[in-house]
Amino acid sequence: MSDQRTGLWLIGARGSVATTAVSGLLALRAGLAPPTGCVTARPELAGVDLPSWDDLVVGGHDVVTTSLDKRAEQLAHAGVLPHHLLPSLAEGLRAVDAEVREGYHPATHRGAQAVAADRLTADLVSFRERHDLARVVVVNVSSTEPPVPHLPEHDDLALLEAALADPERAVLPPSSLAAYAALRAGCPFVDFTPSTGVALPALHRLAVDRGLPYAGRDGKTGETLLRTVLAPMFTARGLRVRSWSGTNLLGGGDGATLQDAEHAASKLESKARGLAALLDEAVTAPLHIDNVPDLGEQKTAWDHVSFEGFLGVRMSLQFTWTGLDSSLAAPLVLDLGRLVAAAHADGQSGALAALAFFFKDPLGHDEHRFAEQTRELHAWAQGLGRYGA
């Protein structure tokens with residue numbers, strides 16, 4: 001078995017982020033595009049032994065049936081993918097699409113959640129064995145879920161597994177069931193969404209018991225990325241932020257999902273926790289997320305920061321960020337697959353705190369300042385053992 005061949009299994013494999021990531025990976029392999037936006041291609045990580053683009057084998061789960069090549073065409077029309085690349089990518093997209101299996105949907109599943117977990121686990125094991133892979137990293141890029149109430153079973157693995165076997169109960173949301181199945185299959189897990197995912201004590205225990213690393217959550221790609229750079233500036237200069245208001249305008253699948261207040265709650269909570277930590281005190285920080293279908297895959301964020309200077313003088317900062325979220329997220333998904341694979345090969349387990357750099361609500365770490373996160377990431381990566389050693 002090659003010690004470098006690595007599976008990249010995407011939950012939500014036919015969504016915008018996943019399709020962009022797969023298309024980008026295929027373009028990088030063929031030399032059709034430079035690795036712009038890929039942190040693992042930066043000079044600071046040049047000496048780290050990571051699986052190459054050619055070493056990554058992609059599969060996934062999804063509950064939708066639109067094929068990857070058709071989804072790529074839609075994204076090209078939306079301006080996310082360059083039209084001229086599609087003919088060169090079509091065959092590769094169809095090959096990856098053949099590796100996508102039916103995901104878990106609570107509305108259509110019948111019976112105990114343990115049955116669904118067994119099926120998801122079997123898909124991962126089969127994928128790893130068929131492709132002779134050293135390991136498979138599972139990355140959740142599916143739609144954001146609403147927050148879930150905490151249950152006693154979430155704290156205890158034995159209680160959790162007993163509840164999963166009860167056909168009358170649904171004790172885990174889809175993201176956490178995917179994480180449970182991944183860990184049972186011996187796969188590291190990454191949550192790129194603000195959903196509950198692996199962030200349960202029982203799943204942490206399972207990861208540690210199996211010697212598996214995990215990372216998350218909620219990929220940091222736009223407005224929050226700027227906040228983690230700008231907020232420490234105010235604190236370092238002794239300027240008091242009085243309020244930090246934000247408005248997000250977006251369309252596409254994310255816009256439709258986050259139009260629902262329950263689903264948006266996860267995103268809003270994730271953003272709020274990071275801002276409070278950055279400013280060392282609670283501030284008035286209203287944030288609105290509005291669905292504007294006309295924007296398609298584009299997202300615009302506008303922030304207004306009211307702050308106080310010497311002798312109480314009031315001042316303000318405003319900024320606008322307009323980006324294509326899938327284009328910003330996709331290279332980070334590839335980065336995380338490579339870095340988590342290397343961490344697994346290095347024998348690390350539990351939450352990978354040094355990967356806080358990638359997330360709004362990092363698991364295992366309360367550091368939100370981007371400069372500090374960057375330094376920690378580089379130091380951690382340079383300290384990894386030789387891949388596969």
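A salt bridge here means a side-chain nitrogen of Lys or Arg within 4 Å of a carboxyl oxygen of Asp or Glu. With that in hand, hello everyone, and let me show you a network of them: Glu 367, Arg 369, Glu 372 and Arg 375 are linked in this way. Please keep in mind that what we are looking at is a predicted model. Searching the whole structure turns up 18 salt bridges, and I'd like to walk you through a few.

Let's begin with Arg 14. Its partner is Asp 97, and the closest N and O atoms are 2.8 Å apart. This pair links distant parts of the chain, since Arg 14 sits in the loop between β1 and α1 while Asp 97 belongs to helix α3, 83 residues apart. Are these two buried or exposed? Buried means under 20% relative accessible area, so Arg 14, at 13%, counts as buried, and so does Asp 97, at 16%.

Arg 94 is in helix α3 and Asp 69 in helix α2, so the bridge ties together parts 25 residues apart in sequence.

Now for helix α3 itself, residues 86-97. Its buried residues are Leu 86, Leu 89, Ala 90, Leu 93, Val 96 and our friend Asp 97. Looking down the axis of α3, you'd find them within an arc of 140°, so they line one face of the helix. And what covers them? The cover includes α1, β2, α2 and β3.

That brings us to α1. It has 14 residues and reaches 20 Å from its first C-alpha to its last, close to the 20 Å expected. This helix is mostly covered, with 12 of its 14 residues buried, among them Ser 16, Val 22 and Leu 28. Its cover includes β1, β2, α2, α3 and α11. Just after α1, have a look at Gly 31, which takes a positive phi of about 70°.

Since α11 came up, here is one more pair. Asp 325 bridges to Lys 299, with the closest N and O atoms 3.3 Å apart. Asp 325 lies in helix α11 and Lys 299 in strand β9, so parts 26 residues apart in sequence are tied together. Both residues are buried.

Phe 310, Leu 311, Val 313 and Met 315 make a nonpolar patch of about 480 Å². Val 313 is found in the loop between β9 and β10, and is partly exposed at 44%.

Key. Residues numbered from 1 in each chain as written. Predicted model: local features only at pLDDT ≥ 70, side-chain atom pairs only at ≥ 80, totals over all residues. Heavy atoms only, no water. Buried < 20%, exposed > 50% of the residue type's maximum accessible area, 1.4 Å probe, protein only. Helix = DSSP H or I, 4+ residues; strand = E, 2+ residues; numbered from the N terminus. Arc of directions from axis to C-beta. Contact = heavy atoms within 4.5 Å. Expected span 1.5 Å × (residues − 1). Patch = residues over 30% accessible without salt bridge, like charges linked within 9 Å, V, L, I, M, F, W, Y side chains within 5 Å. Areas by Shrake-Rupley, 256 points an atom, 1.4 Å probe, with all protein chains shown as cover.
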